[in-house]
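Subject: Structure for you to look at

Hello,

Here is the structure I promised to pass on. My notes follow below it.

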Amino acid sequence: TLRGEERSMLSDALEKIGERCKELLRLYQLDYSMEEIAGTMGYGGADVAKKEAYRCRMRLREVLERNPYWKR
């Protein structure tokens with residue numbers, strides 16, 4: 001489980017990646033299928049949703065890695 005400090009850093013990082021990425025990652029975390037995510041988010045299909053999920057995860061990772069206090 002995440003400690004309070006890590007949870008705060010993660011929350012801050014999620015704010016920095018934008019609302020669409022934040023929502024996509026929330027749906028992904030809730031085990032929505034890529035088809036369901038595509039429909040909810042208005043993407044052209046599951047492949048587009050999968051690519052966007054990857055981009056959002058990479059964006060989140062970059063933000064976290066720039067924080068010297070984030071423990072990997």
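Helices here are DSSP runs of H or I with at least four residues, strands are runs of E with at least two, and both are numbered from the N terminus.

Two points on the basis of all this. This is a predicted model, in which local features need pLDDT of at least 70 and side-chain atom pairs count only at pLDDT 80 or more, while totals for chains, interfaces and linings use all residues. Residues are numbered from 1 along each chain as its sequence is written, and side-chain values use heavy atoms, with hydrogens and water left out.

Helix α2 covers residues 19–29. Its buried residues are Cys21, Leu24, Leu25 and Leu27. Buried means under 20% relative accessible area, exposed over 50%, and partly exposed in between, with a 1.4 Å probe and protein chains only. Seen down the axis of α2, the buried residues fall within an arc of 160°, so they line one face of the helix. That arc is taken from the directions from the helix axis to the C-beta atoms. Glu19 and Gln29 are exposed on the other side of α2. The buried residues of α2 pack against α1, α3 (34–41) and α4; contact means heavy atoms within 4.5 Å.

Now α1. Glu6, Met9 and Ala13 are buried in α1. They cover an arc of only 60° around the axis, which puts them on the same side of α1. The face turned away from that buried side carries the exposed Gly4 and Arg7. The packing partner for the buried residues of α1 is α4 (46–65). Just after α1, Gly18 has a positive phi of about 100°.

Finally, the whole chain. The protein chain has 4 helices and 0 strands, in the pattern α-α-α-α along the sequence. Its C-alpha trace spans about 40 × 20 × 20 Å along the principal axes. Of the 72 residues, 29% are buried. Among contacts between residues at least 6 apart in sequence, 49% join residues at least 24 apart.

Best wishes
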